[in-house]
Amino acid sequence: MRIRRILAAVFATAALAGLGLTGAATATASAGSVTPASVTPGECTDNGGKIDRSTPVLPTCRGGMYDGQTVD
């Protein structure tokens, strides 16, 4: 009888831990679609943009997927 209770507690804990891992994986997957604040020169040109160096502070990617993002 005691073993059944222990096994039930172990399975319940494992099930709750699995739910927590699923939520964390979902949060990580949705965070991957956020547009970065700045991109590399290769990312800009590989995705159809051109680097505009005439901007005052930092170069900017013009056109393509990262249009308007600063270039590091």
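Me: How many disulfides does a search of the whole structure find?
Reply: One. Keep in mind that this is a predicted model. The disulfide joins Cys44 to Cys61, with 2.1 Å from S to S.

Me: Which parts of the chain does that pair link?
Reply: Distant ones: Cys44 is in helix α2 (residues 41-46) and Cys61 is in strand β3, 17 residues apart.

Me: And what's the handedness of the link between Cys44 and Cys61?
Reply: Right-handed, with 90 degrees about the S-S bond.

Me: Is Cys44 buried or exposed? And Cys61, buried or exposed?
Reply: Cys44 counts as buried because its relative accessibility is 1%, and the cut-off for buried is under 20%. Cys61 is buried too, with a relative accessible area of 0%.

Me: What does Cys61 touch, if I skip residues up to four places away in sequence?
Reply: Cys44, Gly49, Lys50, Tyr66, Asp67, Gly68, Gln69 and Val71.

Me: OK, on to the core. Which residues make up the largest nonpolar core?
Reply: Five residues in all: Val39, Cys44, Cys61, Tyr66 and Val71. As a general point, nonpolar side chains in soluble globular proteins tend to be buried together.

Me: Back to strand β3. Where is Thr60?
Reply: Thr60 is in strand β3, which covers residues 60-62. Thr60 is buried, since its relative accessible area is 8%.

Me: Which side chain does Thr60 make a polar contact with?
Reply: The side chain of Thr55, at 3.4 Å.

Me: And what else is Thr60 in contact with, leaving aside neighbours within four places in sequence?
Reply: Besides Thr55, there are Lys50, Ile51, Asp52, Gly68, Gln69, Thr70 and Val71.

Me: Switching to charges. How many salt bridges does a search of the whole structure find?
Reply: One. The side chains of Asp52 and Arg62 meet in it, at 3.3 Å from N to O. That pair links distant parts of the chain, with Asp52 in strand β2 and Arg62 in strand β3, ten residues apart.

Me: How far apart are Arg53 and Val71?
Reply: In sequence, 18 residues; in space, 9.3 Å from C-alpha to C-alpha.

Me: One more, Pro41. Where does Pro41 sit?
Reply: Pro41 is in helix α2, and it is partly exposed, with a relative accessible area of 33%.

Me: What does Pro41 touch, not counting residues up to four places away in sequence?
Reply: Ile51, Val71 and Asp72. Take Ile51: Pro41 and Ile51 are ten residues apart in sequence, and their C-alpha atoms are 7.1 Å apart in space.

Notes
Residues are numbered from 1 along each chain as its sequence is written. This is a predicted model: local features need pLDDT of at least 70, side-chain atom pairs count only at pLDDT 80 or more; totals for chains, interfaces and linings use all residues. Side-chain values use heavy atoms; hydrogens and water are left out. A nonpolar core is a set of buried Ala, Val, Leu, Ile, Met, Phe, Trp, Tyr and Cys residues joined through side-chain atoms within 4.5 Å. Buried means under 20% relative accessible area, exposed over 50%, partly exposed in between (1.4 Å probe, protein chains only). Contact means heavy atoms within 4.5 Å. Helices (H or I, at least four residues) and strands (E, at least two) are DSSP runs, numbered from the N terminus. A polar contact is a pair of N or O atoms within 3.5 Å; within protein, one must be able to donate a hydrogen and the other to accept it, and residues adjacent in sequence count only if both atoms are side-chain atoms. A disulfide is a pair of cysteine sulfur atoms within 2.5 Å. A salt bridge is a side-chain nitrogen of Lys or Arg within 4 Å of a carboxyl oxygen of Asp or Glu.
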